[in-house]
Amino acid sequence: MPTCKRCGAEHDAAELIRHERPGVILVHCPDCNCLLGRYRRHGDDPRTDTRRH
Ligand SMILES: [Zn+2]
């Protein structure tokens with residue numbers, strides 16, 4: 001279950017806001033709208049990109 005790094009909320013994957021981009025799906029926190037992770041659209045093993053910047 002992804003935890004938001006900004007507001008600390010935990011959400012089920014189904015609750016996250018998804019934005020589809022070419023090749024990837026970006027997921028955002030429904031509470032504060034910050035980026036939680038990136039899912040590759042192609043591939044059988046989607047994983048979250050938790051890289052900080
Ligand atoms: Zn949040």
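Two strands pair if DSSP finds at least two bridges between them. Strands are DSSP runs of E with at least two residues, and helices are runs of H or I with at least four; both are numbered from the N terminus.

**View 1. The protein chain holds zero helices and three strands.**
This is a predicted model, in which local features need pLDDT of at least 70, side-chain atom pairs count only at pLDDT 80 or more, and totals for chains, interfaces and linings use all residues. Residues are numbered from 1 along each chain as its sequence is written. From the N terminus on, the elements follow the pattern β-β-β. Of the 53 residues in the chain, 6% are buried. Here a residue is buried if 20 or more other C-beta atoms lie within 10 Å of its own, exposed if 12 or fewer do, and partly exposed in between, with C-beta atoms placed from the backbone. Two residues are in contact if their C-beta atoms, placed from the backbone, lie within 7 Å. Among contacts with a separation of 6 or more, 20% join residues 24 or more positions apart.

Strands of a sheet pair through backbone hydrogen bonds, either parallel or antiparallel.

**View 2. Strand 1 meets strand 2.**
Five bridges join strand 1 to strand 2 (residues 24–28), and the two run antiparallel. Ile 17 stands opposite His 28 of strand 2. His 19 has Leu 26 in strand 2 as its bridge partner.

**View 3. Gly 23 sits in the loop between strand 1 and strand 2.**
These strands form a hairpin with two residues between them, where Gly 23 takes a positive phi near 90°. Gly 23 counts as exposed because it has 9 C-beta neighbours inside 10 Å. Leaving out residues up to four places away in sequence, Gly 23 touches Arg 40 and Arg 41. Gly 23 and Arg 41 are 18 residues apart in sequence, yet 5.5 Å apart in space, C-alpha to C-alpha.

**View 4. Strand 2 pairs with strand 3.**
The pairing is antiparallel and spans five bridges. Val 24 has Arg 40 in strand 3 as its bridge partner. Val 27 has Gly 37 in strand 3 as its partner. Strand 2 and strand 3 form a hairpin, with six residues between them. In the turn, Asn 33 has a positive phi of about 70°.
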